[in-house]
Amino acid sequence: AVPPFLMFSRLGRTNTPWAIITPSLVSPFGLYLMWIFAADAVPDELVEAARVDGAGEFRTFFSVSAPLLAPGTVTVLLFNVVATWNNYFLPLIMLKNPDWYPLTIGLKTWSQQAGTAGGEAVFHLVITGSLLTIVPLIAAFLLLQRYWQAGLSTGGVKE
C-alpha cells in the first residue's frame, strides 16, 4: 500500500475515491486466472470454424469467445469487488476526509466509539452494521450467479 500512496501523493490524487479504485482495477491474480481459464474455455476448433464461416476477428471474439469467457470474467470481477469492498488499510492511508471512508473503516471507527455508551457495551449495533455491509456483496453474487455455467461449450466440438 505504500508505493501506491507515494505515487498518488505525487500526482495529488490522495483523498479521492480514485485513489482506492484505480489500484484495484488490475489484479495479477485475475490476469493469471483469466489466462489459464481462456486457454481451456475456448476451443481452437470453434475459433477456426468461425473464421471459416467468414467472421472477422472482432465478431469471432464477441460472438464466440466472449460468451465462453463469461464465467471466468464474472469470477475475476467478483474477486476484485470483494477485495476492494473489504479493503481496510489502503483507504485508511489514502483518505483523510472521513466522508470518503468506506464501510470497513466506518465500522471500525464506530466500534471504537461505541465500545461503551453509558457503561454498557453496544456491540450489537456494530454487528448489525456488519450484517448490513455484506448485503451489497450478497446481491452482487446473486445477480451474477447466472453467468457461472459449467459446460457452456459442451457439444460444440466433436472429438
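Contact, as used in this report, means heavy atoms within 4.5 Å.

## Basis of the model

This is a predicted model, in which local features need pLDDT of at least 70, side-chain atom pairs count only at pLDDT 80 or more, and totals for chains, interfaces and linings use all residues. Residues are numbered from 1 along each chain as its sequence is written, and side-chain values use heavy atoms, with hydrogens and water left out.

## Overall composition

The protein chain has 9 helices and 0 strands. Helices (H or I, at least four residues) and strands (E, at least two) are DSSP runs numbered from the N terminus. Of the 159 residues in the protein chain, 25% are buried; buried means under 20% relative accessible area, exposed over 50%, and partly exposed in between (1.4 Å probe, protein chains only).

Among contacts in the protein chain with a separation of 6 or more, 64% are accounted for by residues 24 or more positions apart. The chain exposes about 11200 Å², of which carbon and sulfur atoms supply 66%. Accessible areas come from the Shrake-Rupley method with a 1.4 Å probe, and for residues only the protein chains shown count as cover.

Ser65 belongs to helix α5 (residues 57-85). Ser65 is buried, with a relative accessible area of 9%. Leaving aside neighbours within four places in sequence, Ser65 is in contact with Val42, Val47 and Thr60.

The axes of α5 and helix α9 (residues 135-144) come within 11 Å and cross at roughly 175 degrees. The two helices are therefore roughly antiparallel. Axes are lines fitted to C-alpha atoms, for helices over the stretch in contact, and angles run from 0 to 180 degrees between N-to-C directions. Angles under 35 degrees count as roughly parallel, over 145 as roughly antiparallel, 65 to 115 as roughly perpendicular and the rest as oblique. From α5, the contact is made by Val74, Leu77, Leu78, Val81, Val82 and Trp85, and from α9 by Pro136, Leu137, Ala140, Phe141 and Leu144. By class, this contact of α5 with α9 has 11 nonpolar, no polar and no charged residues. Ala, Val, Leu, Ile, Met, Phe, Trp, Tyr, Cys and Pro count as nonpolar, Asp, Glu, Lys and Arg as charged, and the others, Gly among them, as polar.

## Helices α7 and α8

Helix α7 (residues 103-113) and helix α8 (residues 123-133) have axes that come within 10 Å and cross at roughly 175 degrees. That makes α7 roughly antiparallel to α8. Leu103, Leu107, Trp110 and Ser111 in α7 meet Phe123, Leu125, Val126, Gly129, Ser130 and Thr133 in α8. By class, the contact of α7 with α8 has 6 nonpolar, 4 polar and no charged residues.

Ser130, found in helix α8, counts as partly exposed at 30% relative accessibility. The C-alpha atoms of Ser130 and Leu103 are separated by 8.6 Å, although these residues are 27 residues apart along the chain.

In helix α2 (residues 18-25), the buried residues are Ala19, Ile20 and Ser24. They cover an arc of only 125 degrees around the axis, which puts them on the same side of α2; the arc is that of the directions from the helix axis to the C-beta atoms. These buried residues pack against α1 (2-11), α5 and α6 (89-94). The face of α2 turned away from its buried side carries the exposed residues Trp18 and Leu25.

Asn15 lies in the loop between α1 and α2 and counts as partly exposed at 26% relative accessibility. Asn15 has a positive phi of about 65 degrees although it is not a glycine.
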